[in-house]
Amino acid sequence: MIVRIMGEGQVRLDDSRLTELNKLDEELTAELEGGDEGGFRRTLTALLDAVRALGEPLPADSLEPSDLILPSPEATLDEVREMLAEDGLLPG
């Protein structure tokens, strides 16, 4: 799966890693719903760090179709709310 982090680039991530990331996605969703800015910021950072650590960065000149788009580290609560699907940022 190809994951794009807005403003940074793309990472190739094995589909099996989504299970590990879903816990962070669930936490992020709860913090968004509760308006917890501090928790949201910590969990978004942890989610993006995990994607970077578990995935393999694609070359900057590579433009693969993205299967998943994640917000930039600077995204606001409102910006991420607009990106949410029914089950969070990640499928599953």
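**Strand pairing and the nonpolar core**

Four bridges connect β1 with strand β2, residues 9-12, and these two run antiparallel. Before I go on: this is a predicted model.

Staying with that pair, R4 sits opposite Q10 in β2, and I2 sits opposite R12 in β2. The β1 and β2 hairpin has three residues between its strands, and G7 adopts a positive phi near 85° there.

What about β1 and β4: parallel or antiparallel? They run parallel, joined by three bridges. In this pairing V3 is opposite L68 in β4.

V3 brings me to the packing. The largest nonpolar core holds 19 residues, and V3 is one of those with the most contacts inside it, along with L21, L28, L32, F40, V51 and L70. Which elements give two or more residues to this core? They are β1 (2-5), α1 (18-34), α2 (37-54), β4 (68-70) and α3 (77-83). Of these, α2 gives the most, with six residues. As general background, nonpolar side chains in soluble globular proteins tend to be buried together.

Setting aside neighbours within four places in sequence, what does F40 touch? F40 is in contact with L28, E31 and L32, and also with A75, T76, L77 and V80. Two of those partners, L28 and L32, are themselves listed among the residues with the most contacts inside the core.

Note on methods:
Residues are numbered from 1 along each chain as its sequence is written. This is a predicted model: local features need pLDDT of at least 70, side-chain atom pairs count only at pLDDT 80 or more; totals for chains, interfaces and linings use all residues. Side-chain values use heavy atoms; hydrogens and water are left out. A nonpolar core is a set of buried Ala, Val, Leu, Ile, Met, Phe, Trp, Tyr and Cys residues joined through side-chain atoms within 4.5 Å. Buried means under 20% relative accessible area, exposed over 50%, partly exposed in between (1.4 Å probe, protein chains only). Contact means heavy atoms within 4.5 Å. Two strands pair if DSSP finds at least two bridges between them.
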